[in-house]
Amino acid sequence: MNTIKHNLDVVDRHIQGEARDVDSILDLYTDDIVLEVPGRGLRFAGRDAIRANYLAMWPSMAEVELQPLDRFATEHRVVDDMIVRMRLVGPGMTNAPVPLGSRVELRLIHHFTMRDGLIAREQVFELWRNLDETDAGVRP
């Protein structure tokens, strides 16, 4: 299998599995994995820290809808661009810029650095929009 296709497959498994079964995706990471979410000031080093973050984060979301936009790769990088709509229902989405109960839309751009067929670094860039404010005629 060529490297680019393999990298795309690994990221697809990651995106499809992270909310359903966190433990099923941990083997897709290198031992020295780092996950960063700069917009919320978050940095997690190692599988255990990422696992704990995901276990707190996913139950904090309800009514989740994913809208894939684009995904492309090189031999060392994968970029995934999507829109996520959801309701924030719990505190596990650390430093979320909207109040609990909000219906939101996030533009998520994931930048994955790949090494030896595994994810070595994941950077998640988020643009948040509170749909409740938009629906009420308030511009974000």
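Modeller: A term to begin with: a polar contact is a pair of N or O atoms within 3.5 Å, and within protein one of them must be able to donate a hydrogen and the other to accept it. Also keep in mind that this is a predicted model.

Colleague: OK. With which side chain does the side chain of Glu 126 make a polar contact of 2.9 Å?

Modeller: That one is with the side chain of Trp 128. The Glu 126 side chain also makes a polar contact of 2.8 Å with the side chain of Arg 40.

Colleague: And where does Glu 126 lie?

Modeller: In strand S6, which spans residues 118-130.

Colleague: Is Glu 126 buried or exposed?

Modeller: Buried, because its relative accessibility is 16% and the cut-off for buried is under 20%. Leaving aside neighbours within four places in sequence, Glu 126 is in contact with Val 37, Arg 40, Leu 106, Arg 107 and Leu 108.

Colleague: Leu 108, noted. Which residues lie nearest the centre of the largest pocket?

Modeller: Leu 108 is among them, with Glu 18, Met 57, Trp 58 and Met 61. The lining has 26 residues in total, and the pocket volume is about 430 Å³.

Colleague: How many of the lining residues are nonpolar, polar and charged?

Modeller: 17 are nonpolar, four are polar and five are charged. Several elements supply at least two lining residues each, including helix H1 (3-17), helix H3 (47-57) and strand S3 (61-73).

Colleague: Switching topic. How many aromatic pairs does a search of the whole structure find?

Modeller: One. The pair is Tyr 54 with Trp 58, and it is tilted, at 6.2 Å centre to centre with 40 degrees between the planes.

Colleague: Why is Tyr 54 called buried, and why is Trp 58 called partly exposed?

Modeller: Tyr 54 is called buried because its relative accessible area is 3%. Trp 58 has 21%, and partly exposed runs from the buried limit of 20% to the exposed limit of 50%.

Colleague: Back to strands. Which side chain joins that of Thr 113 in a polar contact?

Modeller: The side chain of Arg 77, at 3.2 Å. Thr 113 lies in strand S5, residues 103-115, and is buried, with a relative accessible area of 19%.

Colleague: What else does Thr 113 touch?

Modeller: Not counting residues up to four places away in sequence, Thr 113 touches Arg 77 along with His 76, Leu 118, Ile 119, Ala 120 and Arg 121.

Colleague: Now strand S3. What does Asp 70 touch?

Modeller: With residues up to four places away in sequence set aside, Asp 70 touches Val 79, Asp 80 and Asp 81. Asp 70 is partly exposed, with a relative accessible area of 40%.

Colleague: Last topic, the backbone. What is the phi of Asn 95, and what is that of Asp 116?

Modeller: Asn 95 has a positive phi of about 65 degrees, and for Asp 116 the value is about 55 degrees, also positive. Neither is a glycine. Most residues other than glycine have a negative phi.

Colleague: Where are these two found?

Modeller: Asn 95 is in the loop between S4 and S5, and Asp 116 in the loop between S5 and S6. Asn 95 is partly exposed at 48% relative accessible area, while Asp 116 is exposed at 75%.

Note on methods
Residues are numbered from 1 along each chain as its sequence is written. This is a predicted model: local features need pLDDT of at least 70, side-chain atom pairs count only at pLDDT 80 or more; totals for chains, interfaces and linings use all residues. Side-chain values use heavy atoms; hydrogens and water are left out. Helices (H or I, at least four residues) and strands (E, at least two) are DSSP runs, numbered from the N terminus. Buried means under 20% relative accessible area, exposed over 50%, partly exposed in between (1.4 Å probe, protein chains only). Contact means heavy atoms within 4.5 Å. On a 1 Å grid over the protein atoms alone, a cavity is a set of points where a 1.4 Å probe fits but cannot get out, and a pocket is an open set with protein on both sides within 12 Å along at least five of seven lines; lining residues have an atom within 4 Å of a point. Grid points are joined across faces, edges and corners, and a volume is the space filled by probe spheres set on the points. Ala, Val, Leu, Ile, Met, Phe, Trp, Tyr, Cys and Pro count as nonpolar, Asp, Glu, Lys and Arg as charged, and the others, Gly among them, as polar. Rings of Phe, Tyr and Trp (its six-membered ring) pair if their centres lie within 6.5 Å; planes under 30 degrees apart count as stacked, over 60 as edge-to-face and the rest as tilted.
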